[in-house]
Amino acid sequence: MKRTFNVLTICLVVAGAMLVAGVARGEPPVATRPGPRYTASVTFQALPPAASPGQAASEGTFNQEEINRFVRRQIFYIRSDHILERALQSDEFQRDPGDPSKKSQWLGEHPHPTPKDLLERLEVTQVPNSDLFTITYTASNPAEAARQVNAISRIYLDSLHYDHK
């Protein structure tokens with residue numbers, strides 16, 4: 001009985017801390033959120049374009065403000081409809097990985113998905129005072145979160161290659 005009390009006490013303390021932290025961030029109370037949430041992240045290093053033709057980006061000298069501006073542009077680009085629409089059309093968002101003939105869990109939860117739906121679960125932030133930024137995606141299971149953040153990251157990288165951003 002004492003062990004059950006200790007586990008219950010720990011669960012209540014953790015749940016209380018999560019509720020306070022979530023409400024402080026403007027999230028709804030835990031009881032109104034559906035099921036558990038998992039996050040997956042990918043971190044990028046943003047190298048600004050070369051300062052002059054023929055010079056590698058890593059050889060240029062950039063001050064922190066120039067780097068910050070460049071990273072903010074990348075964050076804006078990732079959050080754009082251009083990237084998010086392509087992500088929504090990808091197999092990772094459309095098909096179940098276990099059975100490609102079935103809809104993905106994401107599509108089941110969002111029958112008419114929009115980029116706005118993705119933005120509710122997507123966070124793209126700069127690591128302060130650095131040339132790094134992180135793409136984080138939240139989903140109802142860890143494999144889905146990882147698959148989808150990887151899809152968004154892949155589409156971003158492909159777009160850089162093809163669009164020369």
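Pro97 is placed in the loop between helix H4 and helix H5 (105-109), where helices (H or I, at least four residues) and strands (E, at least two) are DSSP runs numbered from the N terminus. The model is a predicted one, in which local features need pLDDT of at least 70 and side-chain atom pairs count only at pLDDT 80 or more, whereas totals for chains, interfaces and linings use all residues. Residues are numbered from 1 along each chain as its sequence is written, and side-chain values use heavy atoms, with hydrogens and water left out.

With a relative accessible area of 55%, Pro97 is exposed; buried denotes under 20% relative accessible area, exposed over 50%, and partly exposed the range in between (1.4 Å probe, protein chains only). Pro97 and Glu144 are separated by 47 residues in sequence and by 9.1 Å in space, C-alpha to C-alpha. Glu144 belongs to helix H7 (residues 142-163). Glu144 is buried yet has no salt bridge, a salt bridge being a side-chain nitrogen of Lys or Arg within 4 Å of a carboxyl oxygen of Asp or Glu. The nearest side chain of opposite charge is that of Arg121, 4.3 Å away; for charge, Lys and Arg count as positive and Asp and Glu as negative, while His and the chain ends are not counted. When residues up to four places away in sequence are not counted, Glu144 touches Gln105, Trp106, Arg121 and Ala139, contact meaning heavy atoms within 4.5 Å.

Strand S3 pairs with two other strands, S2 and S1. Two strands pair if DSSP finds at least two bridges between them. Strand S1 (residues 38-45) and S3 run antiparallel over eight bridges, with Gln45 opposite Leu132. The pairing of S2 (residues 122-126) with S3 (residues 132-139) is likewise antiparallel and spans five bridges. Here Val124 stands opposite Ile135, and Leu122 has Tyr137 as its bridge partner. Five residues lie between S2 and S3 in the hairpin that they form, and Asn129 in the turn has a positive phi of about 55°. S3 is mostly covered, as six of its eight residues are buried.

The structure holds six aromatic pairs, defined for rings of Phe, Tyr and Trp (its six-membered ring) with centres within 6.5 Å; planes under 30 degrees apart count as stacked, over 60 as edge-to-face and the rest as tilted. The pair of Phe44 and Phe133 is stacked, because the ring centres are 5.3 Å apart and the planes stand at 20°. This pair links distant parts of the chain, Phe44 in strand S1 and Phe133 in strand S3, 89 residues apart. Phe44 counts as buried at 11% relative accessibility, and Phe133 is buried with a relative accessible area of 1%. The rings of Phe93 and Tyr137 have centres 6.1 Å apart and planes at 90°, and the pair is therefore edge-to-face. Since Phe93 lies in helix H4 (residues 91-94) and Tyr137 in strand S3, the pair ties together parts that are 44 residues apart in sequence. Phe93 is buried with a relative accessible area of 0%, and Tyr137 is buried with a value of 0%. One aromatic cluster is formed by Phe44, Tyr77, Phe133 and Tyr156.
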